[in-house]
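Reader: Please show me the complex. I have some questions about how the chains are built and how they meet.

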Amino acid sequence: MAGLKPIDVDEVRKDFPIFETGVVYLDSANTSQRPRQVLAAMDEYHTRFNANIHRGAYRFSEIATERYEATREKAKRYINARSTREIVYTRGTTEGINLVAYGWGRKNVKAGDLIVLTILEHHSNIVPWQILAAEKGARIEWVDIDDSGRLRQDQFADLLKQEPKLVAFGQVSNAMGTVNPVVEMTAAAKAAGATVLVDGAQGAPHAGIDVQAARCDFYAFSSHKMLGPTGAGILYGRREVLEEMDPFLAGGDMIRSVRKEGATYADIPTRFEAGTMPIAQVIGLGAAFDYLDSVGLDRVRAHERDLTEYALEALGEVPGVTLFGPPASERAGVVSFAVEGIHPHDLATILDRHRVAIRAGHHCAQPLMNRLDVTATARASFYLYSRRDEIEVLVEGVRDAQRIFA
Amino acid sequence: MNSGNPDEQFYREYILDHYKNPRNFGRLESPTISHEEDNPLCGDVIGMDLAVEDGKIADVRFHGRGCAISQASASLLTERIKGLTVEEARKINKEDVFEELGIEISPARIKCALLSLKVLKVGAWGLGDWTGEEEE
């Protein structure tokens, strides 16, 4: 990649105390590690100005509120939203999608309506729609993949002819790393009159997004997969759509006024932020945005591309290894694979004894596992702190497992 | 083989043997009891067919697919219960299963090791709420 200065991984790793343990962490698609800067931001909140937000007329509460709200501006810039009013804090992607299913779906989806999903989806972008569809009498259709793990755009185009009410799909497949053409798919879905939700849990940390260019109505993602802490996330909603939505969780902070006869709701985004929010985590997420900005998402992408190419090549050379998914140029830093005669759980146990952490299982994507005719796969995933020599340890571990199971 | 390698202690020869050559693998023609359970963590499935005659487990087969731990554990369990009275088989608990496997089972793999026992408990005795904790 011309003009891009490669990431100095050894420098980056100094910011991540976890690597002092010697772990070979290849499970960042599951949850990422967190740099000192994120931990320090949360620590500062807890030790220097811990207070609840939006309510205290005293200094600590004002500082806490200011730091908490600062993350909204950073999130707005990270995804290029028009306004901070389009940035809703959540506890993660799952809550974001449920919020939409509840607050938008219950108001807008009717009996007989069509919801289009894809076979690549994570359970969190399946089950809320199944519940909604069952409640409303709506139906769900699925976009299949081709043999390379790409979504079948021909089939998608056919489904759009049926004028779906909603199209919901992941930007990047968590199980196979497939990067879907968000801009093209969203444009086609909008032209067909659909509301579009993009699950950005895997996309936001690695690919990034420009929601104005993508033109999606909703974009949900999690803090903990992008260097931030667990328990926080962002739901982007196009202002016009958010304004028409009902609340999801009800309680304190999301109201304008409450009387015995009823309540009126606060403006967006507060309407969707009931109860005491994860303040420390949101402040930590703000530091994570800063960290990723300082490194540069284009450099992160280039680094992951390099590692993914290397991993596909190195694992591909091992006899008995089957790789799932598209070529490196069309995927994020995720490599899903199977080793002949060795169950992914056994492989993960053996790798663990080599201090290698990978994910083994169905990756909360059982429809995809059924489509691939496997019960589970092994998955290695990378991030800006991952190194080539870690992939070498992985490959050595795979060969060891083969020796044991020979 | 390098015997100092901890993996080779974990995946002991007889566990691998039961995995590669499972005993009592397959289906029974007309079982008295037939039951299947899956491991929601990984989607692995084990089913068991029992032929009970005069209160005794006259024959047993298991089927399904899964990891070495779940398959070896199922294979060992079928060997153990064949010929036992139902009353005797009912007393088998998770400690017996761990003992039979003879290896340290990490928390992440406990469900793998106990999947076949769950099939037996739920299938044979309708203990639908059995969670791996012993009732005794």
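Reader: In chain B, what share of the contacts between residues at least 6 apart in sequence join residues at least 24 apart?

Author: This is a predicted model, where local features need pLDDT of at least 70, side-chain atom pairs count only at pLDDT 80 or more, and totals for chains, interfaces and linings use all residues. Residues are numbered from 1 along each chain as its sequence is written, with chains lettered from A and ligands numbered from 1 in the order in which they are written. Two residues are in contact if their C-beta atoms, placed from the backbone, lie within 7 Å. Among contacts in chain B between residues at least 6 apart in sequence, the share joining residues at least 24 apart is 61%.

Reader: In what order do the elements of chain B run from the N terminus?

Author: Helices (H or I, at least four residues) and strands (E, at least two) are DSSP runs, numbered from the N terminus. Chain B has six helices and three strands. Their order is α-α-β-β-β-α-α-α-α.

Reader: Why do α3(B) and α6(B) count as oblique?

Author: Axes are lines fitted to C-alpha atoms, for helices over the stretch in contact, and angles run from 0 to 180 degrees between N-to-C directions. Helix α3 (residues 68–81) and helix α6 (residues 110–125) of chain B have axes 6 Å apart, at an angle of about 40°. Angles under 35 degrees count as roughly parallel, over 145 as roughly antiparallel, 65 to 115 as roughly perpendicular and the rest as oblique. That angle therefore makes α3(B) to α6(B) oblique.

Reader: How many charged residues does the contact of α3(B) with α6(B) have?

Author: Ala, Val, Leu, Ile, Met, Phe, Trp, Tyr, Cys and Pro count as nonpolar, Asp, Glu, Lys and Arg as charged, and the others, Gly among them, as polar. From α3(B) come I69(B), S70(B), S73(B), A74(B) and L77(B), and among their partners in α6(B) are C112(B) and L120(B). By class, the contact has eight nonpolar and three polar residues, and the number charged is no residues.

Reader: Which element gives the largest share of the side of domain 1 of chain A that touches domain 2?

Author: The bounds, from an automatic or database domain assignment, are 9–30 + 296–405 for domain 1 and 39–293 for domain 2. In the contact, 22 residues of domain 1 of chain A meet 22 residues of domain 2 of chain A. On the domain 1 side, α12 (297–316), β12 (334–339) and α14 (366–372) of chain A give two or more residues each. The largest share, four residues, comes from α12(A).

Reader: And which element gives the largest share of the side of chain A that touches chain B?

Author: Chain A puts 15 residues into this contact and chain B 16 residues. At least two residues each come from α13 (344–352), α14 and α15 (388–405) of chain A. By class, this side has five nonpolar, seven polar and three charged residues. The largest share, four residues, belongs to α13(A).

Reader: P344(A) is in helix α13 of chain A. Is P344(A) buried or exposed?

Author: A residue is buried if 20 or more other C-beta atoms lie within 10 Å of its own, exposed if 12 or fewer, and partly exposed in between, with C-beta atoms placed from the backbone. Beyond its neighbours within four places in sequence, P344(A) contacts residues including A338(A), G361(A) and T377(A). It has 24 C-beta neighbours inside 10 Å, so P344(A) counts as buried.
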